[in-house]
Amino acid sequence: MSEAFPDPIRGRTDVIAFNRRVWSEFYDPDCTVEILDEVGDERSSAVRFLYSAFARRANKPYRNEYTLFARSGPDGI
């Protein structure tokens with residue numbers, strides 16, 4: 001992890017800042033996320049989603065399906 005972000009990343013604000021910084025390097029900020037499935041609770045969850053945006057380097061629309069698994073606890077997310 002870079003010096004700009006702690007490891008592990010803690011808290012909603014830090015997670016949002018990390019994702020905005022990483023994703024905005026490659027995609028325009030105008031994007032859509034369509035949730036396909038989600039399960040879990042505040043300690044453990046999974047979500048399957050479609051991410052659509054404009055890819056800057058490829059200069060064309062981008063769309064891909066992702067699955068994200070997340071757990072939180074005393075050590076962070």
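Which residue forms a salt bridge with Asp 37? The partner is Arg 48, and the closest N and O atoms of the two residues are 2.6 Å apart. The legends below come back to this pair after an overview. The model is a predicted one, in which local features need pLDDT of at least 70 and side-chain atom pairs count only at pLDDT 80 or more, whereas totals for chains, interfaces and linings use all residues. Residues are numbered from 1 along each chain as its sequence is written, and side-chain values use heavy atoms, with hydrogens and water left out.

**View 1. The whole chain follows the pattern α-β-β-β along its sequence.** The protein has one helix and three strands, where helices (H or I, at least four residues) and strands (E, at least two) are DSSP runs numbered from the N terminus. Its C-alpha atoms fill a box of roughly 40 × 35 × 15 Å, taken along the principal axes. Of the 77 residues, 16% count as buried, a class that means under 20% relative accessible area, while exposed means over 50% and partly exposed lies in between (1.4 Å probe, protein chains only). The protein exposes about 6200 Å², of which carbon and sulfur atoms supply 52%; accessible areas come from the Shrake-Rupley method with a 1.4 Å probe, and for residues only the protein chains shown count as cover. Among contacts with a separation of 6 or more, residues 24 or more positions apart account for 37%, a contact being heavy atoms within 4.5 Å.

**View 2. Three strands form an open sheet in the order S1-S2-S3, with antiparallel pairing.** The edge strands are S1 and S3, each of which pairs on one side only; two strands pair if DSSP finds at least two bridges between them. From one strand to the next the twist averages 15 degrees, with axes taken as lines fitted to C-alpha atoms (for helices over the stretch in contact) and angles running from 0 to 180 degrees between N-to-C directions. Strands S2 and S3 run antiparallel and are joined by twelve bridges, and Phe 49 stands opposite Tyr 66 in S3.

View 3. In the pair of Asp 37 and Arg 48, with closest N and O atoms 2.6 Å apart, Asp 37 belongs to strand S1 and Arg 48 to strand S2, eleven residues apart. The side chains of Glu 65 and Arg 48 also meet in a salt bridge (3.0 Å, N to O), which links strand S3 to strand S2 across 17 residues of sequence. Asp 37 counts as partly exposed because its relative accessibility is 41%; Arg 48, at 29%, counts as partly exposed, and Glu 65 is partly exposed at 40%.

View 4. Arg 57 and Glu 25 bring two loops together through a salt bridge (3.6 Å, N to O). Arg 57 lies in the loop between strand S2 (44–55) and strand S3 (60–71), and Glu 25 in the loop between helix H1 (12–24) and strand S1 (32–40), so that the pair links parts of the chain 32 residues apart. The loop between S2 and S3 includes Asn 59, and strand S3 includes Pro 61. The phi of Asn 59 is near 55 degrees, a positive value in a residue other than glycine. Most residues other than glycine have a negative phi. Asn 59 counts as exposed because its relative accessibility is 58%, and Pro 61 counts as exposed at 69%. Leaving aside its neighbours within four places in sequence, Pro 61 is in contact with Ala 53 and Phe 54.

**View 5. The largest nonpolar core has six residues, namely Tyr 27, Val 47, Phe 49, Tyr 51, Ala 53 and Ala 55.** A nonpolar core is a set of buried Ala, Val, Leu, Ile, Met, Phe, Trp, Tyr and Cys residues joined through side-chain atoms within 4.5 Å. Beyond its neighbours within four places in sequence, Ala 53 is in contact with residues including Tyr 27, Cys 31 and Tyr 62.

Technical notes:
Salt bridge = Lys/Arg side-chain N within 4 Å of Asp/Glu carboxyl O.
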